Amino acid sequence: MNVRLKIALWLERWRRQNLKELHPLQQLFWESTLRCNVHCLHCGSDCVASVTTPDMPAEDFLRVIDTEITPHVDPHKVLIIISGGEPLMRKDLTDIGRALHERGYRWGMVTNGLALTEKRFRELRQAGLRSITISCDGLEKDHIWLRQHPLAFEGAIRAIKLCAADKNLTWDVVTCVNQRTINQLPAIRDMLWSIGVQDWRVFGIDPMGRAAANPELILDDDQFRHLMDFIVSEREAGRHVSYSCEGYLGTYEGRVRDHLYQCAAGISVASILIDGSISACTSIRGKYYQGNIYKDSFWQVWEEGFKSYRDRSWMKQSEPCKDCKAFAFCEGNGMHLRREDGSLMLCHLHRLGQTK
Amino acid sequence: MRKKILSRINIALGSAIFALVGMNSCARQLLYGPDPVVKYGCPPDTTVVALYGVNMPVEEPPFTDTNE
């Protein structure tokens, strides 16, 4: 590791410690529905409960916004991410978005694009939609295989083209790279760039949810290193390709993302889940939930809870972090990679062979 | 007061980090484009400020109704 990177990592550590004390709420996920119109093989939330779990009423969420959050923040500085399931399954999405926009919040969503018609897109933009990510997991055959829907690719491409034609929208494409697609990255890039994509975020699939039972989805260590090298070469060529935020990446830090690694869960990121639970990123295990909007004050929880997120020294008590020299920079990897029993399900540094 | 000081320190730290490792071939996007700071499940944030608190000239459309 070169000296510049090492200094930057120490400065980042200092910045992160300050940020923990400040813990400004900057991103709020709302798991608005568990319903979904596809049945992805890699679904992290494993939305099998989608039929039986009702959507959270919009008024419940907006009550928290109005009474618990707005009095304490500048709405312009908070991005609300309407999450799912598939957010477009909610017929009142436009109304909810407009309500947030009128309150001064920026809002965005991630979608598979299947239900994003031109009319719906226009309505959402008029309701203040500021940021959107379209999931596209490969060329047609592999995308359909992963999404388990014959029109999934067509829908994603249509959505991408709608975004590309809108010059005032912040958007990107995210791709779950798996064993089927790891050797097709240049072809996928060419396809995406040919329809107007300029920002592409890629990531591996974590062994959780449905993906845990399907090893074909998960990259092996060599493939993971290949993915890192691919991103480095793309960025050197001037294309904005990034790895997702998860995972401390050792010598790849500063080369595959626009920022150094940090897990912002519980530090600047919170979530309200479908049952009202208060958490950080939506994929974090239930043990780490901090309260529930139907019983607790969201803001009190945000201010006084999240202790295990803001002081991660507990992660250093067990392997593989116990004797790891990178802990100062990594702090136990992402919160979403911690199992209920506190153990770590995936160490990116180990995958890269850089733990020594 | 303490919060204000910490915020200012963080802005300085963010600038130093950018200077050390951030200014690569993607600098333009870093400063003026989407800032995908968060993991899958989240759309890109619309400001660099959200991540580093760096007071940089992020070119954003004004916060107005898109009906206009």
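Two residues are in contact when their heavy atoms lie within 4.5 Å. The structure described here is a predicted model. In that model, A:Glu140, A:His143, A:Ile144 and A:Arg147 of helix α5(A) meet A:Ala152, A:Phe153 and A:Ala156 of helix α6(A). The residues of this contact divide into four nonpolar, one polar and two charged. Helix α5 of chain A covers residues 140-147. Its axis and that of α6(A) come within 8 Å and cross at roughly 110 degrees. Angles of 65 to 115 degrees count as roughly perpendicular, and α5(A) is therefore roughly perpendicular to α6(A).

The largest nonpolar core has 118 residues. Those with the most contacts inside this core are A:Phe61, A:Leu100, A:Ile160, A:Trp200, A:Leu227, A:Met228 and A:Phe298. Helix α6 of chain A, residues 152-164, gives the core its largest share, eight residues. In soluble globular proteins, nonpolar side chains tend to be buried together. For A:Leu100, neighbours within four places in sequence were left aside. The remaining contacts of A:Leu100 are with A:Phe61, A:Leu62, A:Ile65, A:Ile80, A:Ile82, A:Tyr105 and A:Trp107.

Helix α3 of chain A spans residues 93-102. Seven of its ten residues are buried, so the helix is largely enclosed by the rest of the structure. The buried residues of α3(A) are A:Leu93, A:Thr94, A:Ile96, A:Gly97, A:Ala99, A:Leu100 and A:His101. They pack against five elements of chain A: β1 (27-31), α2 (58-69), β2 (79-83), β3 (106-111) and α4 (118-126). Just after α3(A), A:Gly104 takes a positive phi of about 95 degrees.

Salt bridges were examined next. Over all chains, the structure holds 21 of them. One joins the side chains of A:Arg201 and A:Asp172, at 3.0 Å from N to O. A:Arg201 lies in strand β6 (residues 199-204) of chain A and A:Asp172 in strand β5 (residues 170-177), so the pair ties together parts that are 29 residues apart in sequence. Both A:Arg201 and A:Asp172 are buried.

A second salt bridge links A:Arg225 and A:Asp222, with the closest N and O atoms 2.4 Å apart. Both residues lie in helix α8 (residues 221-236) of chain A. They are three residues apart, about one turn of the helix. A:Arg225 is partly exposed, with a relative accessible area of 26%. A:Asp222 is exposed, at 52% relative accessibility.

A further salt bridge forms between the side chains of A:Arg239 and A:Glu234, at 2.5 Å from N to O. A:Arg239 counts as partly exposed, at 26% relative accessibility. A:Glu234 counts as buried, at 3% relative accessibility.

Salt bridges also form a network, which links A:Arg13, A:Arg16, A:Lys20 and A:Glu331. A:Glu331 is found in the loop between α11 and α12 (348-351) of chain A. A:Glu331 is buried, with a relative accessible area of 9%. Its phi is near 50 degrees, a positive value in a residue other than glycine.

Phi is positive in A:Phe306 as well, near 55 degrees, and this residue is likewise not a glycine. A:Phe306 is found in the loop between α9 (298-304) and α10 of chain A. A:Phe306 is buried, with a relative accessible area of 0%.

Cis peptide bonds occur in chain A. The bond from A:Gly84 to A:Gly85 is cis, with omega near 15 degrees. A:Gly85 lies in the loop between β2 and α3 of chain A. A cis peptide bond also joins A:Glu319 and A:Pro320, with omega about 0 degrees. A:Pro320 lies in the loop between α10 (307-310) and α11 (327-330) of chain A.

Chain B has three helices and zero strands. From the N terminus on, its elements run α-α-α. Of the 68 residues in chain B, 47% are buried. Among contacts in chain B with a separation of 6 or more, 49% come from residues 24 or more positions apart.

Notes:
Residues are numbered from 1 along each chain as its sequence is written. Chains are lettered from A and ligands numbered from 1 in the order in which they are written. This is a predicted model: local features need pLDDT of at least 70, side-chain atom pairs count only at pLDDT 80 or more; totals for chains, interfaces and linings use all residues. Side-chain values use heavy atoms; hydrogens and water are left out. A nonpolar core is a set of buried Ala, Val, Leu, Ile, Met, Phe, Trp, Tyr and Cys residues joined through side-chain atoms within 4.5 Å. Buried means under 20% relative accessible area, exposed over 50%, partly exposed in between (1.4 Å probe, protein chains only). Helices (H or I, at least four residues) and strands (E, at least two) are DSSP runs, numbered from the N terminus. Axes are lines fitted to C-alpha atoms, for helices over the stretch in contact, and angles run from 0 to 180 degrees between N-to-C directions. Angles under 35 degrees count as roughly parallel, over 145 as roughly antiparallel, 65 to 115 as roughly perpendicular and the rest as oblique. Ala, Val, Leu, Ile, Met, Phe, Trp, Tyr, Cys and Pro count as nonpolar, Asp, Glu, Lys and Arg as charged, and the others, Gly among them, as polar. A salt bridge is a side-chain nitrogen of Lys or Arg within 4 Å of a carboxyl oxygen of Asp or Glu.
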